[in-house]
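Open the model in your viewer and keep the selection tool at hand. Each stop below says what to pick and what to look for there.

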Amino acid sequence: MSYAVTFENVNVKLGDTLVLQNVNAHIPQGASTAIIGPNGAGKTSLALALLGQEPYTGTISFTDGRSRRSIRFGFVPQKLQFDRDMPMTVLDFLLAGIQKMPVFFGASKKEKMRVMEMLREVECEKLADRSFGALSGGEIQRVLLAAALLQKPEILILDEPTAGVDFKGGQLCCELLHRIREKYHFTQVMISHDLATVAAHASHVICVKGTVIAEGAPKEILTHDVLSKTFGLHLGIPDPQTLAEDVILCDESCPHHAEHTARGAGCKCHHHHHNGRTHA
């Protein structure tokens, strides 16, 4: 397996606080890697260190010994702080990210066609002439994804891409990302709290809680033991070894499985059944 990124003994400090210590991990080339962990675990700090936007000690190396400057990155933030009254259309916003001269000087037909093509890729072509400030949270996320993809990234980093989006919207977002990644062949890094999304769409998982707790394939990492070490004992994931004999984990046979899956994460939907009653 080839790696797009390798972390070796990486430490990150915010002021006097050591946020990450002795991080050793890999991000496989061309795969979808999820970085998971509780709030304050250092997930975003690790991503910012990868981008070179957070100082760190240790080594972050890239494919074939390439320098960070030679790597094309795309970054989709969880939230964008901006003035919603700003008189700018979605088309203007995206053009501003790819051309050197100010948007009010105009743009070439070629650049406009490129932006429209990317809006089609993220299924938001109809938003081109809408005011950027009038978009919903989900629409803004798609436009930010288009902006990142316009940079032709080799590594695309997404900070909580399904946050603030309903279950169906999150599912569609991940399916869209999978299709686009298959087409453009970039390496995807996703910071996420949504373990159900991670289980369904990631091919590699890094568990972070001040350091790397574990990494590997989802079926090896999204277990009761590993997730309890990462998130704490009260995450809500039942250990099959500790359940009573007449208790079974919720699966597709449960009439409420779709609802539970939408609400939960990790091992299926976290729910178990006892004598016909469902317990969250």
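The tour goes from a sheet to its helices, then to the cores and the aromatic pairs. Keep in mind that this is a predicted model.

**Stop 1: the sheet**

Select strands E5, E6, E7, E3, E8 and E9. These six strands form an open sheet, in the order E5-E6-E7-E3-E8-E9, and the pairing is mixed. Now look at the edges. E5 (73-76) and E9 stand there with a single partner strand each, so one side of each has no neighbour in the sheet. On average, neighbouring strands of this sheet are turned by 15 degrees against each other, direction ignored.

**Stop 2: strand E8**

Select E8, residues 204-208. How many of its residues are buried? Five of five, so E8 is mostly covered by the rule that buried means under 20% relative accessible area. Show the side chains. His204, Ile206 and Val208 point one way, while Val205 and Cys207 point the other way. In a regular strand, side chains alternate between the two faces of the sheet.

E3 pairs with E8 in the parallel sense, over four bridges. Pick Ala34 and find its bridge partner in E8, Val205. Then pick Ile36, which stands opposite Cys207.

On to E9. E8 and E9 run antiparallel and are joined by four bridges. Val208 has Val212 of E9 as its bridge partner. The hairpin of these two strands has three residues between them. Select Gly210 in this hairpin: its phi is positive, near 80 degrees.

**Stop 3: helices on the sheet**

Select helix H1, residues 43-51. H1 lies across E3, E5, E6 (155-159), E7 (187-192) and E8. Its direction runs at about 150 degrees to E6. Helix H8 also packs on the sheet, where it touches E3, E8 and E9. The direction of H8 makes about 145 degrees with that of E9.

Stay with H8, residues 224-231. Which of its residues are buried? They are Val226, Leu227, Ser228 and Thr230. These buried residues pack against strands E3, E8 and E9, and against helices H6 (195-201) and H7 (218-221). Step past the end of H8 to Gly232, whose phi is positive, near 110 degrees.

**Stop 4: Val198**

Select Val198, which lies in helix H6. Is Val198 buried or exposed? It counts as buried, because its relative accessibility is 0%. Now show its contacts. Leaving aside neighbours within four places in sequence, Val198 touches Ala34, Ile36, Met190, Ser192, Val205 and Leu222. Cys174 is 24 residues from Val198 in sequence, and the two are 9.5 Å apart in space, C-alpha to C-alpha.

**Stop 5: the nonpolar cores**

Select Val90, Leu94, Val115, Val122, Leu145, Leu149 and Leu156. These residues have the most contacts inside the largest nonpolar core, which has 30 residues. Two or more core residues come from each of H2 (90-96), H3 (109-121), H4 (137-149), E6 and H5 (167-184). H4 gives the largest share, seven residues.

Zoom in on Val90. Beyond its neighbours within four places in sequence, Val90 is in contact with Leu119, Leu127, Ala128, Arg130, Phe132, Leu135 and Val143. Another core lies apart from the largest one; it has 28 residues, among them Ala4, Leu48, Leu50 and Ile157.

Now select H4 alone. This helix has 13 residues and reaches 18 Å from its first C-alpha to its last, close to the 18 Å expected. Its buried residues include Ile140, Val143, Leu144 and Leu145.

**Stop 6: two aromatic pairs**

The structure holds two aromatic pairs. Select Phe62 and Phe73. Their ring centres are 6.1 Å apart and their planes stand at 75 degrees, so this pair is edge-to-face. Phe62 lies in strand E4 (residues 57-62) and Phe73 in E5, eleven residues apart. Phe62 is buried at 7% relative accessible area, and Phe73 counts as buried at 18%.

Finish with Phe93 and Phe132. This pair is stacked, with 4.2 Å centre to centre and 10 degrees between the planes. Phe93 lies in H2 and Phe132 in the loop between H3 and H4, so the pair ties together parts 39 residues apart in sequence. Phe132 is buried, with a relative accessible area of 1%.

Definitions and conventions
Residues are numbered from 1 along each chain as its sequence is written. This is a predicted model: local features need pLDDT of at least 70, side-chain atom pairs count only at pLDDT 80 or more; totals for chains, interfaces and linings use all residues. Side-chain values use heavy atoms; hydrogens and water are left out. Buried means under 20% relative accessible area, exposed over 50%, partly exposed in between (1.4 Å probe, protein chains only). Contact means heavy atoms within 4.5 Å. Two strands pair if DSSP finds at least two bridges between them. Axes are lines fitted to C-alpha atoms, for helices over the stretch in contact, and angles run from 0 to 180 degrees between N-to-C directions. A nonpolar core is a set of buried Ala, Val, Leu, Ile, Met, Phe, Trp, Tyr and Cys residues joined through side-chain atoms within 4.5 Å. The expected span of a helix is 1.5 Å times one less than its number of residues. Rings of Phe, Tyr and Trp (its six-membered ring) pair if their centres lie within 6.5 Å; planes under 30 degrees apart count as stacked, over 60 as edge-to-face and the rest as tilted.
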